[in-house]
Amino acid sequence: MRIPQADEKKIYQLILDLANPALREQALLELSKKREQFDDLALILWHAYGVMAILLQEITNVYPILTPDAFTTAVSNRVCNALALLQCVASHNETRGLLLNAHIPLYLYPFLNSTFKPKPFEYLRLTSLGVIGALVKNDNPEVIQFLLSTEIIPLCLRIMETGSELSKTVAIFIIQKILMDDVGLAYICQTYERFYAVTTVLNNMVIAIVETQAVRLLKHIIRCYLRLSDNPRAREALRQCLPDALRDASFSEALKDDGPTKRCLAQLLVNLSDNVVAVS
Ligand code: TRP
(Lines give C-alpha, C1' and ligand atoms only; values in the text may rest on other atoms or scores of the structure.)
Protein backbone atom coordinates (compact mmCIF):
# COMPACT_ATOMS: atom_id res chain seq x y z
CA MET A 1 0.00 0.00 0.00
CA ARG A 2 1.34 3.43 -0.91
CA ILE A 3 1.24 5.82 1.99
CA PRO A 4 1.78 9.55 1.88
CA GLN A 5 5.29 10.63 2.75
CA ALA A 6 4.14 12.64 5.72
CA ASP A 7 2.68 9.50 7.28
CA GLU A 8 5.85 7.58 6.64
CA LYS A 9 7.84 10.28 8.40
CA LYS A 10 5.42 10.09 11.29
CA ILE A 11 5.99 6.34 11.60
CA TYR A 12 9.74 6.76 11.75
CA GLN A 13 9.32 9.47 14.37
CA LEU A 14 7.14 7.15 16.45
CA ILE A 15 9.75 4.39 16.16
CA LEU A 16 12.32 6.82 17.53
CA ASP A 17 9.92 7.85 20.28
CA LEU A 18 9.80 4.23 21.50
CA ALA A 19 13.34 4.63 22.80
CA ASN A 20 12.30 7.56 24.97
CA PRO A 21 10.62 6.33 28.19
CA ALA A 22 8.55 9.51 28.42
CA LEU A 23 7.14 9.07 24.92
CA ARG A 24 6.98 5.31 24.70
CA GLU A 25 3.44 4.71 25.94
CA GLN A 26 1.95 7.17 23.44
CA ALA A 27 4.14 5.84 20.62
CA LEU A 28 2.98 2.27 21.32
CA LEU A 29 -0.62 3.42 21.12
CA GLU A 30 -0.22 5.34 17.89
CA LEU A 31 1.87 2.69 16.15
CA SER A 32 -0.61 -0.01 17.08
CA LYS A 33 -3.37 2.12 15.56
CA LYS A 34 -1.38 2.52 12.35
CA ARG A 35 -0.48 -1.11 11.89
CA GLU A 36 -3.32 -1.85 9.48
CA GLN A 37 -2.56 1.14 7.24
CA PHE A 38 1.03 0.30 6.58
CA ASP A 39 1.88 -3.12 5.13
CA ASP A 40 5.55 -3.07 5.88
CA LEU A 41 5.40 -1.84 9.45
CA ALA A 42 6.43 -5.38 10.48
CA LEU A 43 9.72 -5.04 8.58
CA ILE A 44 10.46 -1.70 10.19
CA LEU A 45 9.63 -3.00 13.66
CA TRP A 46 11.84 -6.04 13.23
CA HIS A 47 14.84 -4.30 11.67
CA ALA A 48 14.82 -0.96 13.46
CA TYR A 49 17.45 -0.81 16.14
CA GLY A 50 16.20 -1.84 19.55
CA VAL A 51 12.49 -2.10 18.80
CA MET A 52 12.09 -5.82 19.43
CA ALA A 53 14.06 -5.46 22.66
CA ILE A 54 11.72 -2.67 23.68
CA LEU A 55 8.65 -4.80 22.97
CA LEU A 56 10.12 -7.66 25.01
CA GLN A 57 10.85 -5.25 27.81
CA GLU A 58 7.25 -4.05 27.78
CA ILE A 59 6.15 -7.67 28.10
CA THR A 60 8.53 -8.74 30.84
CA ASN A 61 7.90 -5.52 32.80
CA VAL A 62 4.40 -6.70 33.62
CA TYR A 63 5.34 -10.23 34.75
CA PRO A 64 5.88 -9.11 38.36
CA ILE A 65 2.58 -7.22 38.45
CA LEU A 66 0.21 -9.87 37.15
CA THR A 67 -2.00 -9.59 40.21
CA PRO A 68 -5.52 -8.16 40.35
CA ASP A 69 -4.41 -5.14 42.41
CA ALA A 70 -1.51 -4.06 40.27
CA PHE A 71 -2.60 -5.02 36.77
CA THR A 72 -4.90 -2.11 35.97
CA THR A 73 -6.69 -1.28 32.73
CA ALA A 74 -4.03 1.30 31.83
CA VAL A 75 -1.21 -1.21 32.37
CA SER A 76 -3.09 -3.81 30.36
CA ASN A 77 -3.74 -1.38 27.49
CA ARG A 78 -0.09 -0.48 27.31
CA VAL A 79 1.21 -4.05 27.12
CA CYS A 80 -1.61 -4.97 24.71
CA ASN A 81 -0.47 -2.20 22.35
CA ALA A 82 3.00 -3.74 22.44
CA LEU A 83 1.40 -7.14 21.72
CA ALA A 84 -0.51 -5.63 18.79
CA LEU A 85 2.84 -4.67 17.27
CA LEU A 86 4.10 -8.18 17.89
CA GLN A 87 1.01 -9.47 16.11
CA CYS A 88 1.95 -7.31 13.17
CA VAL A 89 5.37 -9.00 13.08
CA ALA A 90 3.70 -12.42 13.44
CA SER A 91 1.39 -11.72 10.48
CA HIS A 92 4.02 -10.66 7.96
CA ASN A 93 5.44 -13.42 5.76
CA GLU A 94 8.97 -12.05 5.95
CA THR A 95 9.12 -11.67 9.73
CA ARG A 96 7.04 -14.62 10.98
CA GLY A 97 9.92 -17.09 10.75
CA LEU A 98 12.32 -14.66 12.39
CA LEU A 99 9.96 -14.18 15.33
CA LEU A 100 9.64 -17.93 15.69
CA ASN A 101 13.37 -18.62 15.48
CA ALA A 102 13.90 -16.08 18.23
CA HIS A 103 11.31 -18.03 20.33
CA ILE A 104 9.60 -14.72 21.10
CA PRO A 105 6.07 -16.18 21.24
CA LEU A 106 7.15 -18.03 24.39
CA TYR A 107 7.14 -14.71 26.23
CA LEU A 108 3.35 -14.68 25.88
CA TYR A 109 2.82 -18.01 27.62
CA PRO A 110 2.80 -16.53 31.13
CA PHE A 111 -0.08 -14.32 29.96
CA LEU A 112 -1.99 -17.25 28.48
CA ASN A 113 -1.32 -19.15 31.69
CA SER A 114 -2.84 -16.48 33.95
CA THR A 115 -6.27 -17.31 35.31
CA PHE A 116 -7.40 -14.06 36.92
CA LYS A 117 -10.88 -13.07 35.90
CA PRO A 118 -10.91 -9.23 35.76
CA LYS A 119 -11.21 -7.49 32.38
CA PRO A 120 -7.56 -6.35 32.11
CA PHE A 121 -6.46 -10.01 32.31
CA GLU A 122 -9.12 -11.16 29.90
CA TYR A 123 -7.97 -8.51 27.42
CA LEU A 124 -4.35 -9.57 27.89
CA ARG A 125 -5.17 -13.23 27.20
CA LEU A 126 -7.26 -12.34 24.16
CA THR A 127 -4.55 -10.11 22.70
CA SER A 128 -1.87 -12.75 23.36
CA LEU A 129 -4.03 -15.38 21.66
CA GLY A 130 -4.33 -12.95 18.75
CA VAL A 131 -0.56 -13.07 18.24
CA ILE A 132 -0.60 -16.89 18.22
CA GLY A 133 -3.66 -16.79 15.95
CA ALA A 134 -1.72 -14.63 13.49
CA LEU A 135 1.14 -17.16 13.54
CA VAL A 136 -1.08 -20.15 12.69
CA LYS A 137 -3.17 -18.43 10.03
CA ASN A 138 -0.97 -19.43 7.09
CA ASP A 139 -0.72 -23.18 7.80
CA ASN A 140 3.02 -23.22 8.30
CA PRO A 141 4.33 -26.58 9.64
CA GLU A 142 7.19 -24.84 11.43
CA VAL A 143 4.71 -22.77 13.42
CA ILE A 144 2.81 -25.91 14.42
CA GLN A 145 6.04 -27.67 15.39
CA PHE A 146 6.97 -24.73 17.59
CA LEU A 147 3.57 -24.67 19.28
CA LEU A 148 3.59 -28.42 19.90
CA SER A 149 7.09 -28.42 21.34
CA THR A 150 6.27 -25.55 23.67
CA GLU A 151 3.06 -27.22 24.93
CA ILE A 152 0.59 -24.54 24.03
CA ILE A 153 -2.30 -27.00 23.82
CA PRO A 154 -3.05 -27.25 27.56
CA LEU A 155 -3.04 -23.43 27.74
CA CYS A 156 -5.56 -23.18 24.90
CA LEU A 157 -7.69 -25.91 26.42
CA ARG A 158 -7.94 -24.07 29.71
CA ILE A 159 -8.96 -20.86 27.97
CA MET A 160 -11.58 -22.85 26.07
CA GLU A 161 -12.96 -23.94 29.44
CA THR A 162 -12.85 -20.67 31.28
CA GLY A 163 -12.36 -17.74 28.91
CA SER A 164 -14.76 -15.21 27.43
CA GLU A 165 -16.53 -16.25 24.26
CA LEU A 166 -14.08 -14.26 22.15
CA SER A 167 -11.04 -15.86 23.81
CA LYS A 168 -12.62 -19.29 23.45
CA THR A 169 -13.09 -18.66 19.74
CA VAL A 170 -9.45 -17.69 19.18
CA ALA A 171 -8.20 -20.58 21.34
CA ILE A 172 -10.25 -23.15 19.44
CA PHE A 173 -9.13 -21.59 16.15
CA ILE A 174 -5.54 -22.32 17.22
CA ILE A 175 -6.42 -25.91 18.22
CA GLN A 176 -8.22 -26.36 14.90
CA LYS A 177 -5.16 -25.16 12.98
CA ILE A 178 -2.95 -27.57 14.94
CA LEU A 179 -5.33 -30.44 14.16
CA MET A 180 -5.38 -29.58 10.44
CA ASP A 181 -1.63 -30.17 10.34
CA ASP A 182 -0.75 -33.87 9.95
CA VAL A 183 1.93 -33.73 12.64
CA GLY A 184 -0.47 -31.87 14.91
CA LEU A 185 -3.21 -34.47 14.46
CA ALA A 186 -0.77 -37.32 15.10
CA TYR A 187 0.54 -35.52 18.19
CA ILE A 188 -2.89 -35.08 19.73
CA CYS A 189 -3.90 -38.65 18.91
CA GLN A 190 -0.60 -40.12 20.07
CA THR A 191 -1.77 -40.88 23.61
CA TYR A 192 -5.24 -41.47 24.96
CA GLU A 193 -4.61 -38.82 27.63
CA ARG A 194 -4.07 -36.13 25.02
CA PHE A 195 -7.07 -37.19 22.96
CA TYR A 196 -9.16 -37.37 26.11
CA ALA A 197 -8.04 -33.90 27.30
CA VAL A 198 -9.01 -32.34 23.98
CA THR A 199 -12.33 -34.13 23.50
CA THR A 200 -13.40 -33.53 27.10
CA VAL A 201 -13.10 -29.80 26.55
CA LEU A 202 -14.84 -29.99 23.16
CA ASN A 203 -17.65 -32.10 24.64
CA ASN A 204 -18.20 -29.65 27.50
CA MET A 205 -18.30 -26.79 25.04
CA VAL A 206 -20.97 -28.57 23.01
CA ILE A 207 -23.08 -29.08 26.10
CA ALA A 208 -22.77 -25.38 26.97
CA ILE A 209 -23.68 -24.31 23.43
CA VAL A 210 -26.97 -26.21 23.61
CA GLU A 211 -27.90 -23.39 26.03
CA THR A 212 -26.03 -20.40 24.59
CA GLN A 213 -26.41 -21.31 20.88
CA ALA A 214 -23.00 -19.73 20.23
CA VAL A 215 -22.86 -20.75 16.58
CA ARG A 216 -19.46 -19.28 15.83
CA LEU A 217 -17.85 -21.60 18.36
CA LEU A 218 -19.89 -24.56 17.18
CA LYS A 219 -18.49 -24.28 13.64
CA HIS A 220 -14.95 -24.64 14.93
CA ILE A 221 -15.91 -27.49 17.26
CA ILE A 222 -17.51 -29.50 14.45
CA ARG A 223 -14.44 -29.01 12.25
CA CYS A 224 -12.20 -30.18 15.08
CA TYR A 225 -14.22 -33.38 15.55
CA LEU A 226 -14.31 -33.97 11.80
CA ARG A 227 -10.55 -33.67 11.61
CA LEU A 228 -10.07 -35.95 14.63
CA SER A 229 -12.17 -38.53 12.81
CA ASP A 230 -9.44 -38.73 10.14
CA ASN A 231 -7.29 -40.58 12.67
CA PRO A 232 -8.32 -44.27 12.92
CA ARG A 233 -7.91 -44.59 16.69
CA ALA A 234 -9.57 -41.25 17.38
CA ARG A 235 -12.42 -42.29 15.08
CA GLU A 236 -12.97 -45.47 17.13
CA ALA A 237 -12.95 -43.50 20.38
CA LEU A 238 -15.30 -40.82 19.02
CA ARG A 239 -17.90 -43.47 18.23
CA GLN A 240 -18.27 -43.84 21.98
CA CYS A 241 -17.81 -40.28 23.15
CA LEU A 242 -19.27 -37.89 20.59
CA PRO A 243 -21.84 -35.79 22.47
CA ASP A 244 -25.48 -36.69 21.75
CA ALA A 245 -26.28 -33.08 20.89
CA LEU A 246 -24.27 -33.50 17.69
CA ARG A 247 -26.24 -36.62 16.76
CA ASP A 248 -29.75 -35.35 17.47
CA ALA A 249 -31.49 -32.19 16.29
CA SER A 250 -30.14 -29.87 19.04
CA PHE A 251 -28.44 -27.59 16.54
CA SER A 252 -30.61 -27.92 13.45
CA GLU A 253 -32.07 -24.47 14.03
CA ALA A 254 -28.70 -22.84 14.79
CA LEU A 255 -27.09 -24.32 11.68
CA LYS A 256 -30.00 -24.00 9.30
CA ASP A 257 -28.36 -21.26 7.20
CA ASP A 258 -24.85 -22.66 7.38
CA GLY A 259 -24.52 -25.23 4.60
CA PRO A 260 -20.75 -25.81 4.92
CA THR A 261 -20.94 -26.57 8.66
CA LYS A 262 -23.99 -28.80 8.17
CA ARG A 263 -22.03 -30.75 5.57
CA CYS A 264 -19.07 -31.09 7.97
CA LEU A 265 -21.38 -32.46 10.64
CA ALA A 266 -23.00 -34.89 8.19
CA GLN A 267 -19.55 -36.06 7.06
CA LEU A 268 -18.48 -36.52 10.67
CA LEU A 269 -21.49 -38.72 11.36
CA VAL A 270 -20.79 -40.73 8.21
CA ASN A 271 -17.17 -41.21 9.31
CA LEU A 272 -18.34 -42.46 12.69
CA SER A 273 -21.13 -44.72 11.49
CA ASP A 274 -20.04 -48.33 11.92
CA ASN A 275 -22.63 -49.95 9.71
CA VAL A 276 -20.42 -49.67 6.66
CA VAL A 277 -19.83 -53.29 5.75
CA ALA A 278 -16.97 -54.24 3.54
CA VAL A 279 -18.30 -56.52 0.84
CA SER A 280 -15.86 -59.01 -0.55
N1 TRP B 1 3.06 -32.84 28.42
C2 TRP B 1 1.69 -33.04 28.05
C3 TRP B 1 1.68 -34.13 26.97
O4 TRP B 1 2.59 -34.14 26.18
C5 TRP B 1 1.12 -31.77 27.45
C6 TRP B 1 -0.33 -31.85 27.38
C7 TRP B 1 -1.19 -31.67 28.41
C8 TRP B 1 -1.12 -32.08 26.24
N9 TRP B 1 -2.46 -31.74 27.99
C10 TRP B 1 -2.48 -32.01 26.67
C11 TRP B 1 -0.85 -32.33 24.90
C12 TRP B 1 -3.52 -32.21 25.78
C13 TRP B 1 -1.90 -32.54 24.02
C14 TRP B 1 -3.23 -32.49 24.46
O15 TRP B 1 0.77 -34.93 26.93
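Me: Which domains does the domain assignment of the chain give?

Reply: You get domain 1 (1-181) and domain 2 (191-280); those bounds come from an automatic or database domain assignment. Keep in mind that this is a predicted model, where local features need pLDDT of at least 70 and side-chain atom pairs count only at pLDDT 80 or more, while totals for chains, interfaces and linings use all residues. Residues are numbered from 1 along each chain as its sequence is written, and side-chain values use heavy atoms, with hydrogens and water left out.

Me: How far apart do the C-alpha centres of domain 1 and domain 2 lie?

Reply: They're 32 Å apart. In terms of contact (heavy atoms within 4.5 Å), 15 residues of domain 1 meet 14 residues of domain 2.

Me: What area is buried between domain 1 and domain 2?

Reply: About 1,400 Å², with carbon and sulfur atoms giving 77% of that. Buried area here is the accessible area (1.4 Å probe) that two parts lose on being put together, summed over both. On the domain 1 side, helix 10 (153-162) and helix 11 (165-180) are the elements that give two or more residues. Helix 11 brings the largest share, 10 residues. Helices, by the way, are DSSP runs of H or I with at least four residues, numbered from the N terminus.

Me: What makes Lys 10 and Glu 30 a salt bridge?

Reply: Their closest N and O atoms are 3.5 Å apart, and the cut-off is 4 Å, so the pair counts. Lys 10 sits in helix 1 (residues 5-18) and Glu 30 in helix 2 (residues 21-34), so to speak distant parts of the chain, 20 residues apart.

Me: Why is Lys 10 called partly exposed?

Reply: Its relative accessibility is 36%. Buried means under 20% relative accessible area and exposed over 50%, with partly exposed in between (1.4 Å probe, protein chains only). At 36%, Lys 10 therefore counts as partly exposed.

Me: Is Arg 125 buried or exposed?

Reply: Buried, because its relative accessibility is 5%. Glu 122 is buried too, at 15%. Arg 125 and Glu 122 form a salt bridge, with the closest N and O atoms 3.4 Å apart. Both lie in helix 8 (residues 119-136), three residues apart, about one turn of the helix.

Me: How do you know that Glu 236 forms a salt bridge with Arg 239?

Reply: The closest N and O atoms are 2.4 Å apart, and that is within the 4 Å limit. Glu 236 is partly exposed at 46%, and Arg 239 is partly exposed at 21%.

Me: Which residues touch the most other members of the largest nonpolar core?

Reply: Ile 153 and Leu 228, out of 97 residues. Such a core is a set of buried Ala, Val, Leu, Ile, Met, Phe, Trp, Tyr and Cys residues joined through side-chain atoms within 4.5 Å.

Me: Why does this core lie between domain 1 and domain 2?

Reply: Because both domains give residues to it. Leaving aside residues up to four places away in sequence, Ile 153 touches Leu 148, Ile 175, Ile 178, Tyr 187, Ile 188 and Val 198.

Conventions. Salt bridge = Lys/Arg side-chain N within 4 Å of Asp/Glu carboxyl O.
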